[in-house]
Amino acid sequence: MSDDGSDAATAGAVDWAALRAAAAEARANAYAPYSRFSVGAALLAVDGRVFRGSNVENASYGLSLCAERAAVAAAVTAGARRFVALALVTGASPPATPCGACRQVLSELPPSFAIRCFGADGDTVDTTVEALLPRAFSRGALDR
Ligand code: THU
């Protein structure tokens, strides 16, 4: 972690090819019979562990779970709460970025970390949690 309390300094050392491969493997396991839009996520924790998530849809459509939130749940369940990077893989062109609900959930686990979205044809979008959801609603608002 750097002096400003962020883990951004370590993001430069991210093996994005490996993280993309992990997300692609997760995407291959996606359960998306309704939308046919498969998504895979791989979340790199500061301790080097990688947590995967795929979207899991449901016949009651609104219960569908996004890949990013599945990865966060896997990570937190395993005791990881600090992250360096997230790789997101879809078949979209241009690459899809995390939905609003996932942005809010990702912002719960500071500091902001790097996100690389991979789409069809090898296109990528580089962003961060902070850039995706500036001025997010946070626990600080609950201190009243
Ligand atoms: N989906 C994700 O997994 N992550 C996102 O950030 C956006 C959408 C999933 C939900 C649903 O299963 C499918 O993509 C189509 O919306």
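Reader: What share of the 144 residues in the protein is buried?
Author: The model is predicted. Buried here means under 20% relative accessible area. Of the 144 residues in the protein, the buried ones make up 38%.

Reader: What radius of gyration does the protein have, and what would a compact globule have?
Author: The C-alpha atoms fill a box of roughly 45 × 40 × 30 Å along the principal axes. A compact globule of 144 residues would have a radius of gyration near 15 Å. The protein agrees with this, at 15 Å.

Reader: Which element gives the largest share of the largest nonpolar core?
Author: The largest nonpolar core has 20 residues, and Leu43, Phe83, Leu86, Leu106, Phe113 and Ile115 have the most contacts inside it. Two or more residues of this core come from each of β1 (40-45), α3 (67-77), β3 (83-89), β4 (114-118) and α5 (129-132). The largest share is four residues, and the element that gives them is α3.

Reader: How many residues does the second, separate core have?
Author: The largest core has 20 residues. The second core is separate and includes Val84, Ala85, Val89 and Phe118. Its residue count is 13.

Reader: Which side chain has an N or O atom 2.5 Å from an oxygen atom of the ligand?
Author: The residues around the ligand are Ser35, Phe37, Val39, Asn55, Glu57, Cys66, Ala67, Glu68, Pro98 and Cys99. A polar side-chain atom of Asn55 lies 2.9 Å from a ligand oxygen atom, and a polar backbone atom of Cys99 is 2.9 Å from an oxygen atom of the ligand. The side chain at 2.5 Å is that of Glu57.

Reader: How much of the accessible area of the ligand does the protein cover?
Author: The shell around the ligand divides into six nonpolar, two polar and two charged residues. On its own the ligand has 380 Å² of accessible area, and the protein covers 77% of that.

Reader: Where is Pro111, to which the peptide bond from Pro110 is cis?
Author: Most peptide bonds are trans. The bond from Pro110 to Pro111 is cis, with omega near 0 degrees. Pro111 is in the loop between α4 and β4.

Reader: Is Arg36 buried or exposed?
Author: Arg36 is found in the loop between α2 (16-28) and β1. Its phi is near 60 degrees, a positive value in a residue other than glycine. Because the relative accessibility of Arg36 is 69% and the cut-off is over 50%, Arg36 counts as exposed.

Technical notes: Residues numbered from 1 in each chain as written. Predicted model: local features only at pLDDT ≥ 70, side-chain atom pairs only at ≥ 80, totals over all residues. Heavy atoms only, no water. Near = heavy atom within 4 Å. Polar contact = N/O pair within 3.5 Å; in protein donor to acceptor, adjacent residues only side chain to side chain. Areas by Shrake-Rupley, 256 points an atom, 1.4 Å probe, with all protein chains shown as cover. Nonpolar A, V, L, I, M, F, W, Y, C, P; charged D, E, K, R; others polar. Core = buried A, V, L, I, M, F, W, Y, C linked by side-chain atoms within 4.5 Å. Buried < 20%, exposed > 50% of the residue type's maximum accessible area, 1.4 Å probe, protein only. Rg over C-alpha atoms; globule rule 2.2 N^0.38 Å.
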